[in-house]
Amino acid sequence: MKKIAIIGGGASGLMAALFAARSGANVTIYEHNSSVGKKILASGNGRCNIINTTASPEDYAGNDPQFVTYALKQLNFGYFEKFCHSIGLLLDIKEDGRCYPLSNEAKSVLIALKSAISETGVKIITDSNVTAITKNDSHFNVQTDQDKQSYNNVLIATGSQAAPQLGATADGYSFARAFGHEILPTYPSLVQLHLNSRNHHKMAGVKTTAEVTLIIDGKPKEKVQGDILFAAYGISGLAILDVSQKASYAHHNKQRVSIALNLLPRYDRATLTNVIEKVFASVPKHDIHTALCGLLPAKIITYLLEDAAIALTTTVSSLNTKEIKKIAHLIGEWKFEVTDTHGFKHAEVSGGGVSTAQVNNKTMESNLVEGLYFSGEVLDIVGKRGGYNFNFAWASGMIAGKEMGK
Ligand SMILES: Cc1cc2nc3c(=O)[nH]c(=O)nc-3n(C[C@H](O)[C@H](O)[C@H](O)COP(=O)(O)OP(=O)(O)OC[C@H]3O[C@@H](n4cnc5c(N)ncnc54)[C@H](O)[C@@H]3O)c2cc1C
């Protein structure tokens, strides 16, 4: 019977184990945490955005996003939904394609997967840190802190460095490198951004909706509308996470990164100026801060006016057209320099990783070392927010598992 070692008991490792064992292989999962699936439990704010019905290569970044095409076809949404039903997991499908377990609890996903796996005889060794993988002739040796075992096939499913508090390591990259694989530089993604401004920290805790434009080397690259939340370090919120992959990648490559916030995206610039003029006309005796309070969060107005160099106590009737235009301009395009990301500790995922150019996307096997496989986030594939990262983890894990079990 074929002996298979899976390094990492996360989403892709568990999926691979199930499919390999169902094909008749003898499967061992090595997990250095005290339990498997910690990221599954923490995902989607405890709800697990398990997949996206609309996933396509355009939802992924990496040197070659087309690498995911075959995997997404093999594990298309219809297939995945049937698979979930077969392990007792029902899905709640949202209008925009995001899916959650019907229970609304990430725990259900892990329970269903673990019970399906337990029926196949997969051996799960927790608290077991893999320190090295070597190959002698046709056999792989998997070295842990405790012992060394030999296998026919090894799957590196160690994920990325994102969220080390959940057990994430960079070990997969070292294992791959030792076999001659190229590792593309890694960077945090789906992550908050650090800003360089006099005032963002004074607005910490203020949440609003905005259109965020990501600007790289002076050129607008991406526009996203959604929540933003000022913080002591900079800015977070779903709209920020959505632009963070490109922002982080550009920052990593030493490009100039900034964001422009449109705080009232419902109006174009001319309409916004009209709206402000109308508000001012109806309250001419108010100070400008009070007059803008019907449009924007009060704290934001304070610092926006500071950036416009207009005193908060200025009476509305004393403002000239140039000053009104300046206010409208800042509301529509308030720029902040991005100096960094909030780091791997706070990131949901990582960009970069094992180069997909040296991995067969139809089998997940290394092109360099026969019998060595990769799946999930350890590869140079990173998805958008919305279930796309699990989507690729399940898909690549399933393919690797089926192939290794053959
Ligand atoms: C807070 C948070 C929320 C998220 N929410 C979502 C979401 O809702 N939807 C979505 O699609 N994605 C989400 N993600 C991303 C998603 O969790 C990952 O993309 C996915 O888990 C990747 O699966 P993987 O199997 O490649 O890696 P992982 O799930 O990270 O599994 C890797 C496993 O390998 C183990 N390991 C590492 N090194 C070793 C070693 N040397 N020896 C033994 N074991 C080792 C780790 O402990 C881990 O259990 C979220 C991530 C985080 C951090």
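The legends below describe several close-up views of a predicted model.

**View 1. The shell of residues around the ligand.**
The ligand in this predicted model has 40 residues around it, and those that come nearest are Gly-8, Gly-10, Gly-159, Gly-167 and Gly-376. Two or more residues of the shell come from each of the elements α1 (11-22), α2 (38-42) and α12 (388-405). The largest contribution is that of α12, which gives four residues to the shell. Sorted by class, the shell around the ligand holds 16 nonpolar, 18 polar and six charged residues.

In the UniProt record, an unreviewed entry, residues 1-20 carry the annotation "signal peptide". In the model, this stretch of residues 1-20 is 50% helix and 25% strand.

**View 2. The packing of helices α1 and α5.**
Helix α5 comprises residues 106-118 and packs against α1. The axes of the two helices, α1 and α5, are 9 Å apart and meet at an angle of about 30°. An angle under 35 degrees counts as roughly parallel, and α1 and α5 are therefore described as roughly parallel to each other. The crossing in which α1 passes α5 is left-handed. Helix α1 is also among the elements that give two or more residues to the shell around the ligand.

**View 3. The open sheet β8-β9-β10.**
Three strands, in the order β8-β9-β10, form an open sheet with antiparallel pairing. Strands β8 and β10 are the edges of this sheet, each pairing on one side only. On average, and with direction ignored, neighbouring strands of the sheet are turned by 20° against each other. In general, the strands of a sheet pair through backbone hydrogen bonds.

**View 4. The hairpin of β8 and β9.**
Strand β8 (residues 130-136) and strand β9 (residues 139-144) run antiparallel and are joined by six bridges. Within this pairing, Val-130 stands opposite Thr-144 of β9. The hairpin has two residues between the strands, and Asp-137 takes a positive phi near 50°.

**View 5. The hairpin of β9 and β10.**
Phe-140 has Tyr-151 of β10 as its bridge partner. Three residues lie between β9 and β10 in the hairpin that these strands form.

**View 6. The hairpin of β14 and β15.**
Strand β14 (residues 207-216) is joined by ten bridges to strand β15 (residues 219-230), and the two run antiparallel. Here Leu-214 stands opposite Glu-222 in β15. Two residues separate the strands in the hairpin of β14 and β15, where Asp-217 takes a positive phi near 50°.

**View 7. The pairing of β14 with β17.**
Strand β14 also pairs with strand β17 (residues 257-262), in the antiparallel sense and over six bridges. In this pairing, Ile-216 of the model stands opposite Val-257 in β17.

Conventions: Residues numbered from 1 in each chain as written. Predicted model: local features only at pLDDT ≥ 70, side-chain atom pairs only at ≥ 80, totals over all residues. Near = placed C-beta within 6 Å. Nonpolar A, V, L, I, M, F, W, Y, C, P; charged D, E, K, R; others polar. Pairing = 2+ DSSP bridges. UniProt positions renumbered as here; feature names shortened; annotations may be inferred. Axes fitted to C-alpha atoms, helices over the stretch in contact; angles between N-to-C directions. Parallel < 35°, antiparallel > 145°, perpendicular 65-115°, else oblique. Left-handed = near helix turned anticlockwise from the far one by under 90°.
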